[in-house]
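Here are my notes from going through this model, as promised.

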Amino acid sequence: MRRAVFGAALLLSLLAACLPQGMPGSPCGAEAMQRIETVRAEVSSPGALPPPVGKRMETTIEAIAGQLLVGKPAGLDRARTDEAAALIREVFDKVLVGYSVQSVRVEPGTEAHVSVALVPWADTIGSVALKTSVDGMPPEVEQMVRRDLVGIEQVFDRALIGLPVAAADWTNGVLKREVNDYLAVHLPEFRADFDVTADTAAQVTLTVYPRTPVVRTVDLSMRSDTLPNVSLLTHRELMHDRVNLLVGVPVAFTARHRAEFEALFASALDAQPDFHHLRAHTTVTYTPGERAAVMSRTDSARYRLRLSGWLDIGRSESASHSAKDDLLLRLHAGRMLTPHDELYGLLDVTPQDVAWRWQLGWRHTFGQGAQAGLRYDFKDGRPVYDLSWQWARDWLVRYEYHAWDRRGEGALRYRLHDFLNLEYALDDEGGWLRLIGNF
């Protein structure tokens, strides 16, 4: 229709330019007076005229009438306005499929008013059935897309219901613009194509597909402060399958739905039987990008299970320490009695001499990272008192007092990584470095 409108406008320009000299309204015979500056069109129809289509018609009429009227005297006589109306009717009636032009009325002025009355052809669209498909998205993402598309059927209803069946072809451009405007607000990360089967009960098939850039790869990390990190490996394949649903999804869409994706991934882990039994809770952090990153942290509010090992470097042998004790594995198993009190057991194993000891203790958390505790060493038959303070995210200071040999031990610890800490320890006999691995 756009090509036809431009052709009609050009035709009307030539007709206006070729009016004989001296005719009323001829540019050469016009006196100095107010001129028509703009044209406002109004289209009416006895049936329901779809608003987007009506707006498009009005824009087209304003373009045609503007070529005829703008620059002419604002006080055109009746003969000239009737002539202009006849030309507008003739051109618009030829290019407008599905409607017949019943009448055209031109009211001159600095803003000329053109009223066009239309009569639709026999069959008009009375209902629209919309079928939507989402191209290339996994079911979880498709559900999010469909939630964003709720209400798009109203776009097709507004543009098609009441439209003559014969006019469905040339209104595709109007409908495309309406759909794009809707997507720009509700689903800007996707494009859409549609196919209209025009009938009194129209059928519309809408397909949406992603815009670039899309997620290409996902880096997955799984951590825990209260459970052995090795226990997370049993669920890594499951988590990897979950986060891979991001691949191929527009980056901007994943960023806008970040909270939903984080909750989706967290619930997948928390639903596992072992994590459910441990009352574990997972928090997921998603970083969008073409190379996206997902970090999950799974912790239990009730239990504390940790497996660690340490290696002492530069520690001298003494009555309380043998070189065989430089390498040690420790299993910590605890039960939270209250949100601030933990009852726990420690099992220490020195692999070099296959010796072990176990301890039972209690620890209280004061807040602000401060803790105090007491444990009993069953091998030496003596209590051990301990204090610690996590004064920054990666820094911890601790102190232990071993009653059996009246030995105090202090240390400053720095977390190099979630799996590795570096500590400088000091007792009555000197200092040493300790590497602590969290498994």
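1. Ground rules. This is a predicted model, so to speak of a local feature I need pLDDT of at least 70, and side-chain atom pairs count only at pLDDT 80 or more, while totals for chains, interfaces and linings use all residues. Numbering starts from 1 along each chain as its sequence is written, and side-chain values use heavy atoms, with hydrogens and water left out.

2. The barrel. Ten strands close into a barrel in the order β10-β11-β12-β13-β14-β15-β16-β17-β18-β19, with antiparallel pairing. From one strand to the next the twist averages 25°. On terms: helices (H or I, at least four residues) and strands (E, at least two) are DSSP runs numbered from the N terminus, and two strands pair if DSSP finds at least two bridges between them. Angles run from 0 to 180 degrees between N-to-C directions, with axes fitted to C-alpha atoms, for helices over the stretch in contact.

3. Strand β12 (residues 341-350) and strand β13 (residues 355-367) run antiparallel and are joined by ten bridges. If you want a place to look, Y344 has G361 in β13 as its bridge partner.

4. The open sheet. Three strands line up as β4-β6-β5, with mixed pairing. β4 (127-134) and β5 are the edge strands with a single partner each, so one side of each has no neighbour in the sheet. Neighbouring strands here are turned by 20° against each other on average, ignoring direction. β4 runs parallel to strand β6 (residues 201-210), with eight bridges between them, and S133 stands opposite T207 in β6. Helix α4 (residues 139-148) lies across β4, β5 and β6, at about 145° to β4.

5. The core. Which residues touch the most other members of the largest nonpolar core? Of its 80 residues, the answer is L69, F92, V114, F156 and V294. Such a core is a set of buried Ala, Val, Leu, Ile, Met, Phe, Trp, Tyr and Cys residues joined through side-chain atoms within 4.5 Å. Buried means under 20% relative accessible area, exposed over 50%, and partly exposed in between (1.4 Å probe, protein chains only). Beyond residues up to four places away in sequence, V294 touches a list including V218, L220, M239, F265 and Y286; contact means heavy atoms within 4.5 Å.

6. Two salt bridges to compare. The structure holds 36 of them, each a side-chain nitrogen of Lys or Arg within 4 Å of a carboxyl oxygen of Asp or Glu. E83 and R80 have their closest N and O atoms 3.5 Å apart; they sit three residues apart in helix α3 (residues 78-95), about one helical turn. E83 is partly exposed at 30% relative accessible area, while R80 is buried at 10%. R256 and E189 come to 2.7 Å between their closest N and O atoms. R256 is in helix α9 (residues 251-256) and E189 in the loop between α6 (172-186) and β5 (190-197), so this pair ties together parts 67 residues apart in sequence. R256 counts as partly exposed at 39%, and E189 as buried at 6%.

7. R407 and E409 form a salt bridge at 3.0 Å between the closest N and O atoms, with R407 buried at 9% relative accessible area and E409 buried at 5%. Salt bridges with shared partners join this into one network of D312, R315, R375, D386, R398, E400, R407, E409, R413, E423, D427 and R434.

8. Most residues other than glycine have a negative phi, and most peptide bonds are trans. T212 and P213 are joined by a cis peptide bond, with omega about 5°, and P213 lies in the loop between β6 and β7 (217-223). V354, not a glycine, has a positive phi of about 50°; V354 lies in the loop between β12 and β13 and is exposed at 68% relative accessibility. Q368 also has a positive phi, near 60°, in the loop between β13 and β14 (370-377), and is exposed at 75%.
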